[in-house]
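Please look through the sequence and the three-dimensional model shown here, and keep both in view while reading the paragraphs that follow.

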Protein chains: 2
Amino acid sequence: MSVNELIAKFHFSKLLNGNPQTKSIVLLGSIDDQNAIVTIEKSHFLVDHEKDFSLASLVQDSEIINQNDIYYWSKVLLAQNLNDSPSAKLNLIFPATETHIRKYAGQNHHYVRETPEMYNKFVVPYIESQKGDRIKWVYNILFEGKESETFVYHDTDPVTGFVLLPDMKWDTINMESLYLCAIVNRMDISSVRDLNSSHIEYLVNIQKLIKKVATEKFAVQKDELRIFIHYQPSYYHFHLHIVNVKHPGLGDGIAVGKAILLDDVIENIKVTGDYYQKRTIGYLLGENHGLWNIDGYREAHQDSIDN
Amino acid sequence: MSVNELIAKFHFSKLLNGNPQTKSIVLLGSIDDQNAIVTIEKSHFLVDHEKDFSLASLVQDSEIINQNDIYYWSKVLLAQNLNDSPSAKLNLIFPATETHIRKYAGQNHHYVRETPEMYNKFVVPYIESQKGDRIKWVYNILFEGKESETFVYHDTDPVTGFVLLPDMKWDTINMESLYLCAIVNRMDISSVRDLNSSHIEYLVNIQKLIKKVATEKFAVQKDELRIFIHYQPSYYHFHLHIVNVKHPGLGDGIAVGKAILLDDVIENIKVTGDYYQKRTIGYLLGENHGLWNIDGYREAHQDSIDN
């Protein structure tokens, strides 16, 4: 069957996901009683610095939304044709499995204000449940030489040492999207909540070493690196994210409500030694996250957010 | 002149910028021999979970690109109309100043660690130079009723009052990309650097009111709002950004190194009253930014980043 025939036979059942930044939607439906997933993403403009972007050829119709002083904004219809200016790219998976469906479905997120009480009551036991086999892959990297052929730097000191390696999300080619990960050897820091004034020198040294090594190995300057951690992190063994400031898009991974600049951490524990023990910390949490599904967590969250 | 007439008269001269992730382009041109900047960003799909996304109504035409096993990808033309499925949003600035052109052109960015000394020496005089006519449009909104037909909320109290209105970046249709802006009436807060413990109650109340009003007027919950400020802000009159957490990313506008959660601000000045006066603050700065081009700023930056 041709893709056009498949599209014609697609019977829509549910909107799985949508992304207003990339302008894409994911639809679940069926074709001949088998599951099918359709992803449609709007196309970028054909960017060619030689091209004449006359609005007359680009814009078919327009309607003003509003204006203020020298600023005008309006909605427009763009000229489109399949050869050189299609309006979107459409991907189809058919037949799609349940695993495909789970992977492509979105989840709702909530902005949580985690008080120190919520941390102690819910997060501490959750972190304990996430250790062991679940982070075996981290220990494999740190102590078993796994992925060592990709290491950018390796200091084996059990306390101050760490591994610096390319993140899975980086293609290792495009310098603009440089993405490194530093994983520390020590096992006593699960998250930012464990950091206090005793870690100032430790963190300052790691930051210095990361900047030194990254700028020696890659075509990037010290002031072109954004170094941050996550809370909640995706695994509870202390690690850092190192990204080129030119990176064109990192979604929530780099956003407030998840990312925290290492410089902020250092400054905060310098000013207030137990800053991360006594602070309420705001973060986004997906409904599929383990924490969201712990008895009592949601109620505590609701109390905190209503204040 | 209507925006349609302005668009018709736009004479293209140069592609200033393009973003393949957000599908947007920025064009420099002229209208009647004065500079004009046009930004066109493709629209998101109208996401409504009640809606039937039948491909027959969505897709006008399609052409296969390739297929492999159960995976097919093709280019398509989408149905579009100005009422409920415009293909793009077009913003026009006319007449545009050199400052606008620099702001919208692509540029290198640097991660700056602004010490309190750098703030006092370089940023304070810079802020003074940015007041007056440059933020006339803000005063138009606050005190002259400009855009008042779009106001979501307006409290005219000169100290505690503020205006809540849709941000220019929001199409006002898609709830997933809800983006509101709150601009305060008081004129004595240029940036986060001016906030201290005397502002705790003021900020807590603004946050409560924003959450209350936004959840009353729009299909969004209190824990689905991400409320933050910018440092450096794009204009030096205190304002807040309010975004649906479903907006998966807004480029650097929501990233650490530019965005600061309002909750973080409140917590920080609770713990340390003069937190934002004595902190070194890290942020990304483009080479076209006025600060970058002030004598001595770059040298101070380099000293700070090498440490």
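This is a predicted model: local features need pLDDT of at least 70, side-chain atom pairs count only at pLDDT 80 or more; totals for chains, interfaces and linings use all residues.

E224(B) itself is found in chain B, in the loop between α6 and β11, where β11 covers residues 225-230. With a relative accessible area of 10%, E224(B) is buried, because the cut-off for that word is a relative accessible area under 20%.

Helix α6 of chain B, residues 200-217, packs with helix α7 of chain B, residues 262-271, at an angle of about 155°, and their axes are 10 Å apart. That angle makes α6(B) roughly antiparallel to α7(B), since angles over 145 degrees are counted in this way. Where the two helices meet, α6(B) contributes I200(B), L203(B), V204(B) and Q207(B), while α7(B) contributes L262(B), D263(B), V265(B), I266(B), I269(B) and K270(B). Sorted by the kind of residue, this contact of α6(B) with α7(B) divides into 7 nonpolar, 1 polar and 2 charged residues. As for the handedness of the crossing, α6(B) passes α7(B) in a left-handed one.

How many of the 10 residues of α7(B) are buried? The count is 7 of the 10, so α7(B) is largely enclosed by the rest of the structure. The buried residues of this helix are L262(B), D263(B), V265(B), I266(B), E267(B), N268(B) and I269(B).

Turning to chain A, the reader may first take in the chain as a whole. Chain A has 9 helices and 14 strands, and its C-alpha trace spans about 65 × 50 × 50 Å along the principal axes. Of the 307 residues in chain A, 54% are buried. Among its contacts between residues at least 6 apart in sequence, 60% join residues at least 24 apart.

Within this chain, L27(A) lies in strand β2, which runs over residues 24-31. Is L27(A) buried or exposed? L27(A) counts as buried, because its relative accessibility is 0%. Leaving aside its neighbours within four places in sequence, L27(A) is in contact with F10(A), F12(A), K14(A), L15(A), L16(A), A36(A), I37(A) and V38(A) in chain A, and with F53(B), L55(B) and L58(B) in chain B. For a sense of distance, L27(A) and Y111(A) are 84 residues apart in sequence and 26 Å apart in space, taken from C-alpha to C-alpha.

K23(A) sits in the loop between β1, residues 11-19, and β2 of chain A. At a relative accessibility of 3%, K23(A) counts as buried. Not counting residues up to four places away in sequence, K23(A) touches I40(A), E41(A) and K42(A) of chain A, together with T22(B), E41(B), K42(B), S43(B), H44(B) and F45(B) of chain B.

A last point concerns the cysteines. C181(A) is buried, with a relative accessible area of 7%, and C181(B) is buried as well, with a relative accessible area of 8%. For a disulfide, two cysteine sulfur atoms must lie within 2.5 Å, and by this rule the count over all chains comes to 0 disulfides.

Terms used
Residues are numbered from 1 along each chain as its sequence is written. Chains are lettered from A and ligands numbered from 1 in the order in which they are written. Side-chain values use heavy atoms; hydrogens and water are left out. Buried means under 20% relative accessible area, exposed over 50%, partly exposed in between (1.4 Å probe, protein chains only). Helices (H or I, at least four residues) and strands (E, at least two) are DSSP runs, numbered from the N terminus. Contact means heavy atoms within 4.5 Å. Axes are lines fitted to C-alpha atoms, for helices over the stretch in contact, and angles run from 0 to 180 degrees between N-to-C directions. Angles under 35 degrees count as roughly parallel, over 145 as roughly antiparallel, 65 to 115 as roughly perpendicular and the rest as oblique. A crossing is left-handed if the near helix is turned anticlockwise from the far one by less than a right angle, and right-handed if clockwise. Ala, Val, Leu, Ile, Met, Phe, Trp, Tyr, Cys and Pro count as nonpolar, Asp, Glu, Lys and Arg as charged, and the others, Gly among them, as polar.
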